[in-house]
Amino acid sequence: MAFADNLKALPPVAHLAALELTNAVGDAVARIENKPGQAGSLAVYAALAAKHGAINAAAAAEGLEIYAEHTADALAHPGKHPNIDRLIGITAPAQALGVRLIRA
């Protein structure tokens, strides 16, 4: 399925203003906001966090499937899709990211 179709199957995120990804000590290392160009990634990361409890290797693998055709583009053009690049880089438990939801 295409990313647009996968996105429709995810829970809505209208109640969120953003989410922050945190490292092992709780420091924010990235922020995804609920705004054009990032809302899809917000939905993906929020759904993954709800299911897996963090953005770990299992969540990253699932996220790459959700991003569908955009994953192939990210692999072909590193840096073009930073939220996908982040998932590609998570391969070990030590690389897991926590998620802090920020309500609207």
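Lysine 35 and glutamate 33 form a salt bridge in which the closest N and O atoms are 3.8 Å apart, a salt bridge being a side-chain nitrogen of Lys or Arg within 4 Å of a carboxyl oxygen of Asp or Glu. The model is predicted, so that local features need pLDDT of at least 70 and side-chain atom pairs count only at pLDDT 80 or more, whereas totals for chains, interfaces and linings use all residues. Residues are numbered from 1 along each chain as its sequence is written, and side-chain values use heavy atoms, with hydrogens and water left out.

Lysine 35 is partly exposed, its relative accessible area being 38%; residues are classed as buried under 20% relative accessible area, exposed over 50% and partly exposed in between (1.4 Å probe, protein chains only). Glutamate 33 also forms a salt bridge with arginine 31, with 3.1 Å between the closest N and O atoms. Glutamate 33 is partly exposed at a relative accessible area of 28%, and arginine 31 is partly exposed at 41% relative accessibility. A network of salt bridges links Glu20, Arg31, Glu33, Lys35 and Arg100. Over the whole structure, the search finds six salt bridges.

A further salt bridge joins lysine 51 to glutamate 62, the closest N and O atoms lying 3.1 Å apart. Because lysine 51 belongs to helix α2 (residues 39-52) and glutamate 62 to helix α3 (residues 57-67), the pair ties together parts that are eleven residues apart in sequence. Helices (H or I, at least four residues) and strands (E, at least two) are DSSP runs, numbered from the N terminus. Lysine 51 is exposed, at 57% relative accessibility, while glutamate 62 is partly exposed, with a relative accessible area of 23%.

Helix α2 has 14 residues and reaches 20 Å from its first C-alpha to its last, close to the expected 20 Å at 1.5 Å a residue; the expected span is 1.5 Å times one less than the number of residues. Ten of the 14 residues of α2 are buried, so the helix is largely enclosed by the rest of the structure. Among these buried residues are Leu42, Val44, Tyr45 and Leu48. The buried residues of α2 pack against α1 (3-8), β1 (16-22), β2 (28-33), α3, α5 (82-88) and β3 (98-103). Glycine 53, which follows α2, has a positive phi, near 85°.

One aromatic pair is found in the whole structure. Phenylalanine 3 and tyrosine 67 make up this pair, which is stacked, at 5.3 Å centre to centre and 15° between the planes. Phenylalanine 3 lies in helix α1 and tyrosine 67 in helix α3, so the pair ties together parts that are 64 residues apart in sequence. Rings of Phe, Tyr and Trp (its six-membered ring) pair if their centres lie within 6.5 Å; planes under 30 degrees apart count as stacked, over 60 as edge-to-face and the rest as tilted. Phenylalanine 3 and tyrosine 67 are both buried.

The chain comprises five helices and three strands, in the sequence pattern α-β-β-α-α-α-α-β. Its C-alpha trace spans about 35 × 30 × 25 Å along the principal axes. Of the 104 residues in the chain, 37% are buried. Contacts (heavy atoms within 4.5 Å) between residues 24 or more positions apart account for 57% of those with a separation of 6 or more.
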